[in-house]
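Dear colleague,

I am passing on the structure we spoke about, together with some notes on what turned up when I went through it. Please look it over before reading on.

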Amino acid sequence: MQSDTIAALSSGALPSGVAVVRVSGPGARAALERVAGGVPPGRRASLRRFRDAAGETIDRGIALFFDGPQTATGEDIAEFHLHGGSAVVEATLAALTAIDGVRLAEAGEFTRRAFENGRIDLTEAEGLADLVAAETEGQRKAAVAQAGGLLRGLYGGWMERLTRIRAGIEASFDFSDEGDVGDTVGSDAKAAVAALLGEMRAHLERADRGEILRSGYKVAIVGAPNAGKSSLLNALVDREVAIVTEVPGTTRDVIEATLNLRGIPVRFSDTAGIRETSDEVEAIGIERAKAVMDEADLVLALVDAQTSGHGPLARITDLLSHVKHPMLLAADAALEDIAQGSARGRRKILTIRTKMDRPAPRGLTARLGSEWTNFKFDFAVSAKTGEGLPALVERIAELAKEAFGGAESGIPIRTRQRELVTDAVRILDEFVERPDAPAEVGAETLRRASNRLGALTGQIGVEDLLDVIFSEFCIGK
């Protein structure tokens, strides 16, 4: 396929003010001669008239030519800058593909050629894909860092260190009779690998940041039926994404919406009201709500102080028991410690009293051990008037930013990256945990770990993944 010349619209959706059609491959020069009437000086813009095979004018625009291999794809590249009308672009692509050896590009084919021609590695290609898909400032910054080679330098440095360690071990059994091969090679190698393992584990500890950046900081909105969950979601995102009625159990499934808070995508999930029910469909929704809570980074536990039936006392206690609130996990927990997190790692919980535009009964309490005590909510809001919402949003933004931390030191954003680094760590653990293993076994163990790192950058054993990875790109990239 490298012998083909590919063409595609590279500037995005039409219509637009300007459209850029890019051509890459051995026929790029011929494409310019045929359509633009000649090849302009390299890397210099030239105003030309573009014509089809019959000599009819398609448009007047800018033509550019870039000599390979110092180009984005490593091949000769031609660019046609046109007016961004659908008919103009369609006629230009038809004129180009009428030339022998020129065809339309497939998704991600320009970037794939850049990878295969050594212009970028696989982490940089993934960074470019993430940059195209970036919707928030945090996503953009992380993608720019990765596309700029941050992870390539990190993983490549690890591979170089492993190669040096392995070379020392192999020298110890290949040239054991030479005086310059010391007797401390084994202990030095294990110390060096242990230091490298520390860096790799620290890198993996930041993997949660990558998950937050890619999938969003997950916020579960939970509560009893009619606690105001759907109203809160609609108020937070400033549009009606969830149905709001006075009928309990309206929400049967998880409804999601995403906000950009301080550059971090925050994904809110409105869930089914938690209660005992004989309705099979509603029961499924409640189980899904509990699953969303379990996976959430933050739980907003909503309580309507107006609730009748079991009353606000039981409602608060029952709801907090579902989300494993710290107050109910320890009988002597201080009320001020609410929202400091739960037993499940980084997840945090905020208790919220809703419908502040309505009067509430006095003396809201909750059971603490065997005693009833006054209950202090973290926030009190009204989705109707907006009261309390700015403070709540600000706190959610703070928690999301705190969980993300930043991408300056490089974070594994993709599952593929995390899994390969995890594999390399596991293999290196084998090396450290077997101090008496023969040198040949140790060298082979290091080779296996190095291969896992090589798969990160695309140097080793990724042929079966390339179609999957580059299919994520849009046509023309």
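The accessible surface of the chain, in what is a predicted model, comes to about 22600 Å², and carbon and sulfur atoms account for 49% of that area. Of its 477 residues, 46% count as buried, and the chain is built from 16 helices and 14 strands. Among contacts between residues at least 6 apart in sequence, 67% join residues that are at least 24 apart.

The largest nonpolar core holds 33 residues, and those touching the most other members are Tyr217, Leu232, Phe268, Leu300, Leu392 and Ile396. Several elements each supply at least two residues of this core, including α8 (207-215), β7 (217-223), β10 (298-304) and α13 (389-404), and the largest share, seven residues, comes from α13.

Turning to α13 itself, its 16 residues reach 22 Å from the first C-alpha to the last, close to the 22 Å expected at 1.5 Å a residue. Its buried residues are Leu389, Leu392, Ile396, Ala397, Leu399, Ala400 and Phe404; seen down the axis of α13, they fall within an arc of 165°, and so they line one face of the helix.

With best regards

Conventions:
Residues numbered from 1 in each chain as written. Predicted model: local features only at pLDDT ≥ 70, side-chain atom pairs only at ≥ 80, totals over all residues. Heavy atoms only, no water. Helix = DSSP H or I, 4+ residues; strand = E, 2+ residues; numbered from the N terminus. Buried < 20%, exposed > 50% of the residue type's maximum accessible area, 1.4 Å probe, protein only. Contact = heavy atoms within 4.5 Å. Areas by Shrake-Rupley, 256 points an atom, 1.4 Å probe, with all protein chains shown as cover. Core = buried A, V, L, I, M, F, W, Y, C linked by side-chain atoms within 4.5 Å. Expected span 1.5 Å × (residues − 1). Arc of directions from axis to C-beta.
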